[in-house]
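Welcome, and thank you for taking a look at this chain with me. Please keep the sequence and the model side by side as we walk through them.

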Amino acid sequence: MTLRTVENTYVEMTQVVLPVFTNAIGTVFGGQIVSWIDICGAVSAGRHARAPVVTASIDSVHFIAPVKQGQIVILKSQVNAVFKTSLEVGVVVLAENPLTGERYKACRAYCTFVALAENGKPMRLPLIEIKSEKDKIRAMEALTRRQMRLSARKDFKPAHESR
């Protein structure tokens, strides 16, 4: 397996907040931000996997501050940890006032993606090299979140099974 680095998975994506992305009070729909998070995170995951990836979950989505029409949204993502066939990507969303350049954190989230082989089945992922202390902490925290996700998943019963 090829060893890849966290730095290689870094993505920065920019969006202009157009009227079509906003609600009646001129702030971005939460679902639109989640859609951008999914895309940005998938690019990070795909850079690591070098294979198609699908979203398994998006959690810990926290809307910290509203983003308004006319602002610029900057999404930054990177792989936090790699497991057997899945990986976690952290995404932070910043809002920027285009007139002043002032930026603030608007949202953050964690996404889990699964890499798929040509046959459409989950494939084993390459290892990731974690160099910095900050990246080590992110990886340990990602492992804790993974354990919580897997535990919650055990308790989950699909609608067709709960009848």
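Where is Arg-50 found? Arg-50 is found in the loop between α1 and β3. (Helices, H or I runs of at least four residues, and strands, E runs of at least two, come from DSSP and are numbered from the N terminus.) Before going further, a word on the source: this is a predicted model, in which local features need pLDDT of at least 70 and side-chain atom pairs count only at pLDDT 80 or more, while totals for chains, interfaces and linings use all residues. Residues are numbered from 1 along each chain as its sequence is written, and side-chain values use heavy atoms, with hydrogens and water left out.

Back to Arg-50, then. Its relative accessible area is 61%, so Arg-50 is exposed. (Buried means under 20% relative accessible area, exposed over 50%, and partly exposed in between, with a 1.4 Å probe and protein chains only.) Most residues other than glycine have a negative phi. Arg-50 is not a glycine, yet has a positive phi of about 50°. Ser-60 also has a positive phi of about 50° without being a glycine. Ser-60 is found in strand β3 and is partly exposed, with a relative accessible area of 28%.

Now let us turn to the sheet. Five strands make an open sheet in the order β2-β4-β5-β6-β3, with antiparallel pairing. (Two strands pair if DSSP finds at least two bridges between them.) β2 and β3 stand at the edges with a single partner strand each, so one side of each has no neighbour in the sheet. From one strand to the next, the twist averages 25°.

β2 is joined to strand β4 (residues 72-82) by six bridges, and the two run antiparallel. Thr-14 has Ile-74 in β4 as its bridge partner. Further along, strand β5 (residues 86-96) and β6 run antiparallel and are joined by 11 bridges; here Ser-86 stands opposite Val-114 in β6. β5 and β6 form a hairpin with six residues between them, and in the turn Gly-101 has a positive phi of about 85°. Strand β6 (residues 103-115) also pairs with strand β3 (residues 53-63), over eight antiparallel bridges. Phe-63 has Cys-107 in β6 as its bridge partner.

What about the helices? α1 packs on the sheet and touches β2, β3, β4, β5 and β6, and its direction makes about 45° with that of β4. (Contact means heavy atoms within 4.5 Å; axes are lines fitted to C-alpha atoms, for helices over the stretch in contact, and angles run from 0 to 180 degrees between N-to-C directions.) Helix α2 (residues 133-155) packs on the sheet as well, touching β3, β4, β5 and β6, with its direction at about 80° to that of β4.

Ser-44 has its place in helix α1 and, at 0% relative accessibility, counts as buried. Setting aside neighbours within four places in sequence, Ser-44 has contacts that include Thr-9, Ser-77 and Val-89. Met-148 is found in helix α2 and is exposed, with a relative accessible area of 54%. Met-148 and Met-13 are 135 residues apart along the chain, and their C-alpha atoms are separated by 29 Å.

Which residues have the most contacts inside the largest nonpolar core? That core has 30 residues, and the ones with the most contacts inside it are Ile-33, Trp-36, Ile-37, Val-67, Leu-75 and Val-93. (A nonpolar core is a set of buried Ala, Val, Leu, Ile, Met, Phe, Trp, Tyr and Cys residues joined through side-chain atoms within 4.5 Å.) β2, α1, β4, β5 and β6 each supply at least two residues of this core. Not counting residues up to four places away in sequence, Val-93 touches, among others, Ile-33, Ile-37, Leu-75 and Cys-107.

Finally, look at the rings. A search of the whole structure finds one aromatic pair. The rings of Phe-21 and Trp-36 have centres 5.1 Å apart and planes at 80°, so the pair is edge-to-face. (Rings of Phe, Tyr and Trp, the last by its six-membered ring, pair if their centres lie within 6.5 Å; planes under 30 degrees apart count as stacked, over 60 as edge-to-face and the rest as tilted.) Phe-21 lies in the loop between β2 (11-16) and α1 (30-49) and Trp-36 in helix α1, so the pair ties together parts 15 residues apart in sequence. Both Phe-21 and Trp-36 are buried.
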